[in-house]
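Biologist: Before I rely on any label attached to this model, I would like to hear which value stands behind it. Could you take me through the terms one at a time?

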Amino acid sequence: MKNNINEELKRREAAATAVQNDSEEMALDSTQRVKVLSPGRLVAKRFIRNKLAVIGTVILVIMFAFAFLGPLVYPYGQTEKFYKFDDLNVKYGIASERTEYVALTVDKELKVPASLKNMVNSYIKEMVAANQSTFTVEKDGADYQLSKLNDNTYKLDLTDRRKVASYSTTIAYGTYNKASKTLTGAPEELSADVLAAFDTAIAAKQSEVQVGGATYVLTAQNKLSYAVQKVTDKQNGVFSYPETAMDEAFEAEVRARLDGGTFTMNGVTYEVIAGDTVSVMVDNGRKTALVFSKYVFDMFDTTATLSDDFKVQALLAENGTFTVDGTTYTITENEKAPVITNGETPVAELSTFVVRRYNGEDSLSIEFKETAAATVATLMANNERNGSFTFELPKINEDGEYETDENGNLTMVDTTITVERSNDSYVLSCMQKTFLIDIYGAPSAQHVFGTDSDGYDVLARMMFGGRVSLMVGFVVVILETILGVIMGGIAGYFGGWVDTLIMRLVDIFNCIPSMPILIILGAFFDAMKMTPYVRLIWMMAVLGILGWSGVARLVRGQILSLREQEFMVATEACGLSVSKRIFRHLVPNVMPQLIVTATAGLGGVIITESTLSFLGLGVKHPLATWGTMINSATASSETMIKYTYIWIPVGLLICLTVIAFNFVGDGLRDAFDPKMKR
C-alpha cells in the first residue's frame with residue numbers, strides 16, 4: 001500500500017535530518033540553521049558575550065533586590081529613631097543672687113500705680129544710700145510710705161483716701177453737630193441764636209459760650225460733634241457717686257462747704273475739696289498695700305507649695321511668729337538663713353539665692369540649694385567665674401534608671417558639680433547618664449553603617465533611598481519615552497507642517513534651562529509646604545516633561561526612514577488606520593533604539609535626582625533618597641571627614657547604579673547593531 005503524500009514528505013524530511021546530523025557542516029537551507037540565526041537569540045547572544053553588560057546586569061539585579069527586597073527583611077524603618085544612654089555633661093541647675101526686690105500683694109483692694117511699683121527698687125537704693133528707714137512719695141493725690149522691715153524686706157503703706165462723692169456745676173446738655181447745626185439729647189430745645197453762638201465759638205476755637213443769660217461749655221468729640229454742658233450756679237449743681245449714693249442731709253452739708261472744709265456725719269469725717277468739680281473724700285487710715293523682698297522661699301518638702309498669703313504673713317511677721325489658716329509658724333534665725341518651722345518641723349528656708357533646675361523646676365533638695373548658694377557666694381566674693389563642689393546625687397545605671405538598694409532606697413554617689421558664670425547667673429553642670437538620640441553612631445553589629453544626624457539607621461535609609469532613586473529613574477524615563485514616542489511618531493509620519501510645528505516645540509524644550517526651572521519649582525514647593533510624597537510626584541512629572549525632546553527626535557528620524565518601505569505600503573493598501581500604522585508597525589521597529597536610549601538615560605536621571613535632593617530642591621526630609629543622605633552628612637568639612645561611613649557607601653551605590661545602567665545600555669546598543677560581528 002502506497003504511503004500518503006504527507007507521510008512521504010515527513011519520511012524524506014526525517015531522512016534528510018539524519019543525513020544532516022551525520023555531516024560536519026549544515027546546509028544553508030537547514031531549519032536548524034534558521035533557528036540559530038533568529039534575531040532574538042542573536043541579540044541575546046551578543047548581549048551575553050559583552051562581559052561589561054553582564055556585570056552591569058548583575059549589579060542592577062543586586063541593587064533592585066537591595067532596594068525592594070531588603071526593607072522587607074531588614075528590621076528597621078527609614079524614619080525609626082534610635083536612642084542610647086550615655087555619659088553627658090548636662091546642665092543640672094542654675095543659681096543666681098536675687099538683687100531686685102520682688103513685690104507681693106497684701107491688700108488687693110488697694111490699688112498702687114504701676115509706675116510707682118516699678119520705681120520701688122530705685123527708692124530703696126536711695127534709702128540705703130541715705131541710711132533712711134522710711135521714704136514718702138505722693139502720687140495721684142495719694143501719700144505712699146515705704147518702710148524698712150529688714151535688709152531684705154520693705155513694705156509700702158498708703159493712706160486709704162477714697163472719693164465718696166463729686167459735685168459739679170455743669171450739666172450735660174446734649175451733643176451739637178456743626179454740619180447739620182442740630183443739638184441732640186438736650187432737655188429742652190435751644191433757639192437758633194444759641195446754636196449760631198455755638199458755631200461762632202467753634203470757629204473762634206472757644207470752649208465757653210455765654211448767650212441768653214446762660215453759659216455753655218463745648219468739648220470737641222470729633223471734627224463735627226461737640227459735647228455741650230450748661231453751667232449752673234453753685235447751689236444748683238449735680239452730685240455723682242462712684243459707689244453708694246448719700247442722702248439729702250449729706251448733700252446739704254457738702255453744698256454748705258463748696259469752698260472747702262470738713263464735716264462729720266455718723267462718726268465719719270468727710271473732707272470737701274474745692275475745684276471746678278468739688279470732691280468729697282474720706283480718710284480710712286494708713287494700710288499696707290505691698291511688701292517687697294529679696295527672700296526666696298526654699299521648701300524642705302520639694303513637693304509642697306506655699307501660697308502668696310503665707311509668704312506675705314511670713315515677711316510681715318512681728319516677733320518672729322505668724323498664723324495662717326489657724327496654724328502658727330515660727331521664724332528662727334540660724335547661721336545660714338532664717339528658717340520657718342511648724343513646731344519641730346521645718347517648712348521653708350529664706351534665702352537670697354535662687355537655685356533651680358536648669359529647666360526652671362523648683363525640685364532640688366534644700367541641702368543642694370544651700371551648698372550651691374554657698375559656692376556661688378564664695379565665687380562672687382572672690383570675683384571668680386568658675387568653681388565646683390561635690391554633692392551626693394542619685395546613681396543612674398546603664399539603662400538610664402535610678403539605682404536602688406535592697407530596701408528600695410535610692411543609691412547615692414558623690415558627683416562633682418561644676419559652677420560656671422553665665423551673664424548674671426551661674427550654671428551648674430555634672431556628668432550624668434542621659435537618654436539621647438543616637439546621632440552619628442559608629443558602625444556596629446546593630447547598625448552596620450551606623451546612624452545619621454537624626455538617629456536613623458543608615459543601612460535602612462540606603463535601602464529605602466534606593467527605592468525612591470530607582471523609582472524616579474524608571475518613572476521619568478517611561479514618561480519621557482511615552483511623550484517622545486507620541487510626538488516623534490506623529491511628526492515623522494505626517495511630516496510637513498505637523499513635523500515643523502512639533503520640531504520647533506522640541507527646539508523650545510531643548511532651549512529651556514532645566515536647572516533654573518527646577519530651582520524655582522523647588523522654592524515654590526517649599527512655599528506651598530508640600531508633603532515629601534506629593535513633592536516627589538511633582539518632581540518626577542517635571543523631569544519627564546523637560547526630558548522628552550531627545551526621544552522625540554530619535555523616533556522622528558527612525559520613522560522618516562521606515563515610512564517609505566514596502567511593509568508600510570502594504571499597511572496602507574490594507575486600509576489600516578493611521579494610529580495602527582504608527583504604533584503597531586512603525587514604533588515597534590524603533591523599539592531597539594528606544595530601549596538603548598532609555599537604559600542609557602536611567603543613570604542620568606538618577607544623577608539628576610540625587611543632585612537635586614543634595615541641593616535641597618528635590619525630595620525633602622524625612623523621606624530618604626541617596627541625595628538627601630549625602631546632604632545630611634555634609635554640614636561641614638569636619639562632618640564629612642569624621643563621618644565618612646555615612647556618605648561614602650551612598651556615593652558608591654549611586655556610582656555603581658549609574659555605571660551598571662551605562663554598561664547595560666552599551667551592551668544593548670551593541671547587541672541591536674546589525675553591523676556587529678557574529
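Modeller: Of the 678 residues in the protein, 39% are buried, where buried means under 20% relative accessible area, exposed over 50%, and partly exposed in between, with a 1.4 Å probe and protein chains only. This is a predicted model, in which local features need pLDDT of at least 70 and side-chain atom pairs count only at pLDDT 80 or more, while totals for chains, interfaces and linings use all residues. Residues are numbered from 1 along each chain as its sequence is written, and side-chain values use heavy atoms, with hydrogens and water left out.

Biologist: What makes S279 a buried residue?

Modeller: S279 has a relative accessible area of 13%, and buried means under 20%, so S279 is called buried. S279 lies in strand 14 (residues 277-293), a strand being a DSSP run of E with at least two residues, a helix one of H or I with at least four, each numbered from the N terminus. Leaving aside neighbours within four places in sequence, S279 is in contact (heavy atoms within 4.5 Å) with K163, A165, E271, V272 and I273.

Biologist: Why does I48 count as exposed?

Modeller: The relative accessibility of I48 is 58%, and exposed means over 50%, so I48 counts as exposed. I48 lies in helix 3 (residues 39-49), and together with V54, V58 and I62 makes a nonpolar surface patch of about 350 Å². Such patches are made of residues with over 30% relative accessible area and no salt bridge, nonpolar side chains (Val, Leu, Ile, Met, Phe, Trp, Tyr) being joined within 5 Å and like charges within 9 Å. A salt bridge is a side-chain nitrogen of Lys or Arg within 4 Å of a carboxyl oxygen of Asp or Glu.

Biologist: How do you know that the end-to-end distance of helix 6 agrees with its number of residues?

Modeller: The expected span is 1.5 Å times one less than the number of residues, so the 12 residues of helix 6 (residues 192-203) should span 16 Å, and the end C-alpha atoms, 17 Å apart, agree with this.

Biologist: Which residues of helix 6 are buried, and what puts them on the same side?

Modeller: The buried residues of helix 6 are V194, L195, A197, F198, A201 and I202. They cover an arc of only 155° around the axis, which puts them on the same side of helix 6, the arc being that of the directions from the helix axis to the C-beta atoms. The face turned away from the buried side of helix 6 carries the exposed residues A192, D193, T200 and A203.

Notes:
Accessible areas come from the Shrake-Rupley method with a 1.4 Å probe; for residues, only the protein chains shown count as cover.
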